[in-house]
Amino acid sequence: MMPEPDRPAIRQDAILDAAFMAFSSYGYRRTTMDDIAQGVGISRSALYLHFRNKEDILRSMSKRFFDEAAINVAAEFAVSGRPVAETLAAAFIAYDGKFMDAFMNTPHGAEILEAGHKVSADLVAAGEARIHGLLVDWLDALPLPEVLGSADALAATILAALKGLKHSAKSPQGYRASQAQLAQMLALALGR
């Protein structure tokens, strides 16, 4: 017999998806709890059974993002026999996945990211630390040229470069092309 799905978790995921759509359409500040409730097809009072306010929703979105990112990045690093540049490019996409594309395709993306960092700074720091740890573990398994420094320092540099690419990209396609270029450069530096 199959276990019954966790209905509150399914409902919360639907709420987070509807919130993301509302934030993308109206911006974080202009989105109301009514907008989110309507997007998921529930009453505002039912929405409050799951989340206290928009900040609570945004924090939950941040947590879900980093949980998914960690799982996806770990899966990419676990693929064996793939060239380093391909592994890095796949891991970069796994890190920010569909969300970065969606943020870049809405005029409210910068506002959503800013609000997310403001209300979820602790979750962002913890999530980034998880990704950093996964990258360090993967780099530790490679023979690193001494000139590149420690795996920890190299991972920090790679993640800083990715942040820079996010802020300077003009389009999702440009961002992905820059990620692929960074992966190629790193593969060359690693001698792979």
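Trainee: Is leucine 188 buried or exposed?

Mentor: Start with the cut-offs. Buried means under 20% relative accessible area, exposed over 50%, and partly exposed in between, using a 1.4 Å probe and protein chains only. Leucine 188 has 69% relative accessibility, so leucine 188 counts as exposed. This is a predicted model, where local features need pLDDT of at least 70, side-chain atom pairs count only at pLDDT 80 or more, and totals for chains, interfaces and linings use all residues. Residues are numbered from 1 along each chain as its sequence is written, and side-chain values use heavy atoms, with hydrogens and water left out.

Trainee: Where is leucine 188 placed?

Mentor: In helix α9, residues 172–189. Helices (H or I, at least four residues) and strands (E, at least two) are DSSP runs, numbered from the N terminus. From leucine 188 to tyrosine 175 is 13 residues in sequence and 20 Å in space, C-alpha to C-alpha.

Trainee: Which residues does arginine 64 touch?

Mentor: A contact means heavy atoms within 4.5 Å. Leaving out residues up to four places away in sequence, arginine 64 touches Asp13, Leu16, Asp17 and Phe99. Arginine 64 is found in helix α4, residues 54–78. Its relative accessibility is 14%, so arginine 64 counts as buried.

Trainee: How do I read two packed helices?

Mentor: By the angle between their axes and the distance between the axes. Axes are lines fitted to C-alpha atoms, for helices over the stretch in contact, and angles run from 0 to 180 degrees between N-to-C directions. Under 35 degrees counts as roughly parallel, over 145 as roughly antiparallel, 65 to 115 as roughly perpendicular, and the rest as oblique. Take helix α6 (residues 109–119) and helix α7 (residues 121–140): the angle is about 95°, with the axes 4 Å apart. So α6 is roughly perpendicular to α7. Gly116, His117, Lys118 and Val119 of α6 meet Ala121, Val124 and Glu128 of α7. These residues divide into 3 nonpolar, 2 polar and 2 charged. Ala, Val, Leu, Ile, Met, Phe, Trp, Tyr, Cys and Pro count as nonpolar, Asp, Glu, Lys and Arg as charged, and the others, Gly among them, as polar.

Trainee: At what angle do α4 and α7 pack?

Mentor: About 5°, with axes 9 Å apart. They are therefore roughly parallel to each other. The contact includes Phe66, Val73 and Phe77 of α4, and Ile131, Leu134 and Trp138 of α7. Its residues divide into 12 nonpolar, 1 polar and 6 charged.

Trainee: How many aromatic pairs are found in the whole structure?

Mentor: A pair of rings is described by the distance of the centres and the angle of the planes. Rings of Phe, Tyr and Trp (its six-membered ring) pair if their centres lie within 6.5 Å; planes under 30 degrees apart count as stacked, over 60 as edge-to-face, and the rest as tilted. The search finds 4 pairs. One of them joins phenylalanine 23 and tyrosine 28, edge-to-face, 5.1 Å centre to centre with 65° between the planes. Both residues are buried. Another joins phenylalanine 65 and tyrosine 95, tilted, at 6.5 Å and 40°. Phenylalanine 65 lies in α4 and tyrosine 95 in α5 (residues 84–104), so this pair ties together parts 30 residues apart in sequence. Ring pairs link Phe65, Phe66 and Tyr95 into a cluster.

Trainee: Which ring does the charged end of lysine 166 sit over?

Mentor: A charge sits over a ring if NZ of Lys or CZ of Arg is within 6 Å of the ring centre and within 35 degrees of the ring normal. For lysine 166, the ring is that of tyrosine 95, 4.9 Å from its centre. Lysine 54 has its charged end over the ring of tyrosine 28, 4.6 Å from its centre.
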